[in-house]
Amino acid sequence: MSTVDYDAQRAESICSFFAESSLERITWKNIYQKNIRLNAEVKKIVRSKVAELQMEDEDLRICGVHCRGTDYLSLKPTNHPIQPSTEEVIEKTRKVMTEHSCDKVFLATEDALIAKKFASAFGNKLVMAYPPYEEYEDGEFFIRKDMSLYQSGLEYLCTLEILSSCTCIIGTACGGSMMAALMANNPEYEYYFWLGLYE
């Protein structure tokens, strides 16, 4: 199969997953929710983190947002989904918070710059499960070194589990947003940016 065919198929597949009322997303969601369960350790960590963030009140309305890091925005890797600017995601978040009367924003990102911009936009309404661990500046990555790969993966899984339980979910086109979409149990509103693939 030629690269062109593969790229076209990949673009079509990713695009169909993020499309509104996507049959592909519904199919994979059903498979995920039927077959995958978090173990007791992860559930305990998630419950503890939710309590720490003061998100356990069932009446609390939370807009969950997943943003892929600045490396995509800066490097524009070929055949990967085009990412919206952080400002576009913030604008969409403000709109959803107003339309759905959300009290807080739960941000899932590994990127410190994105976290700073959201903190500036939403102040004390912003919550994050864990501090961001990547910074990108002038072509260089600065990654937090104080955790193992296991710990990093555990934090990411817990973050996605919390994101998936939010009242509303906004995601950029990436693997983390795909997982949140599969894990989510009937959010009131979902929106996933789809802007095509980088050339």
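How many helices and how many strands does the chain have? There are eight helices and seven strands. Before I go on, note that this is a predicted model. The chain runs to 199 residues, and 44% of them count as buried. Among the contacts with a separation of 6 or more, 67% are between residues 24 or more positions apart.

I will take the sheet next. Five strands make an open sheet, in the order β3-β2-β1-β6-β7, and the pairing is parallel. The edges are β3, residues 126–127, and β7, residues 189–192. Each has a single partner strand, so one side of each is left without a neighbour in the sheet.

Now to β6, residues 168–171. β6 pairs with β1, residues 62–66, in the parallel sense, over four bridges. Within that pairing, Gly64 is opposite Ile169, and His66 is opposite Gly171. β6 is also joined to β7 by four bridges, and those two strands run parallel. There, Cys168 stands opposite Tyr189 of β7.

Are the residues on the two faces of β6 buried or exposed? Cys168 and Ile170 on one side are buried, and so are Ile169 and Gly171 on the other. Both faces of the strand are therefore covered, where buried means under 20% relative accessible area.

Next, the helix on this sheet. α6 packs on the sheet and touches β1, β2 and β3. The direction of α6 makes about 175° with that of β2.

α6 also has a helix partner. Residues 112–122 form α6, and residues 86–99 form α5; the two helices pack at an angle of about 40°, with axes 10 Å apart. The crossing of α5 past α6 is right-handed. On the α5 side, the contact is made by Thr86, Glu87, Val89, Ile90, Thr93, Arg94 and Met97. On the α6 side, Ile114, Lys117, Phe118, Ala121 and Phe122 take part. By type, the contact residues are seven nonpolar, two polar and three charged.

On to the cores. In soluble globular proteins, nonpolar side chains tend to be buried together. Here the largest nonpolar core has 30 residues. Which of its members touch the most others? They are Met55, Phe106 and Ile162. At least two residues of this core come from each of α1 (3–18), α3 (40–52), β2 (104–108), α7 (149–164) and α8 (175–183). α7 gives the most, with five residues.

Take Met55 as a case. Leaving aside residues up to four places away in sequence, Met55 touches Val50, Leu60, Ile62, Phe106, Val127 and Ile162. Two of those names, Phe106 and Ile162, were also in the list of members that touch the most others. Apart from this core lies another, of 19 residues, and among them are Val89, Ile90, Met128 and Cys168. Val89 and Ile90 have come up already, on the α5 side of the contact with α6.

Last, the end of the chain. Glu199 lies in the segment after β7. Why does Glu199 count as exposed? The reason is its relative accessibility of 85%, since exposed means over 50%. Glu199 and Lys76 are 123 residues apart in sequence, and their C-alpha atoms are 8.2 Å apart in space.

To recap: an open sheet of five strands, α6 packed on that sheet and against α5, and two separate nonpolar cores, the largest of 30 residues and another of 19.

Key. Residues are numbered from 1 along each chain as its sequence is written. This is a predicted model: local features need pLDDT of at least 70, side-chain atom pairs count only at pLDDT 80 or more; totals for chains, interfaces and linings use all residues. Side-chain values use heavy atoms; hydrogens and water are left out. Axes are lines fitted to C-alpha atoms, for helices over the stretch in contact, and angles run from 0 to 180 degrees between N-to-C directions. A crossing is left-handed if the near helix is turned anticlockwise from the far one by less than a right angle, and right-handed if clockwise. Contact means heavy atoms within 4.5 Å. Ala, Val, Leu, Ile, Met, Phe, Trp, Tyr, Cys and Pro count as nonpolar, Asp, Glu, Lys and Arg as charged, and the others, Gly among them, as polar. A nonpolar core is a set of buried Ala, Val, Leu, Ile, Met, Phe, Trp, Tyr and Cys residues joined through side-chain atoms within 4.5 Å. Buried means under 20% relative accessible area, exposed over 50%, partly exposed in between (1.4 Å probe, protein chains only). Two strands pair if DSSP finds at least two bridges between them.
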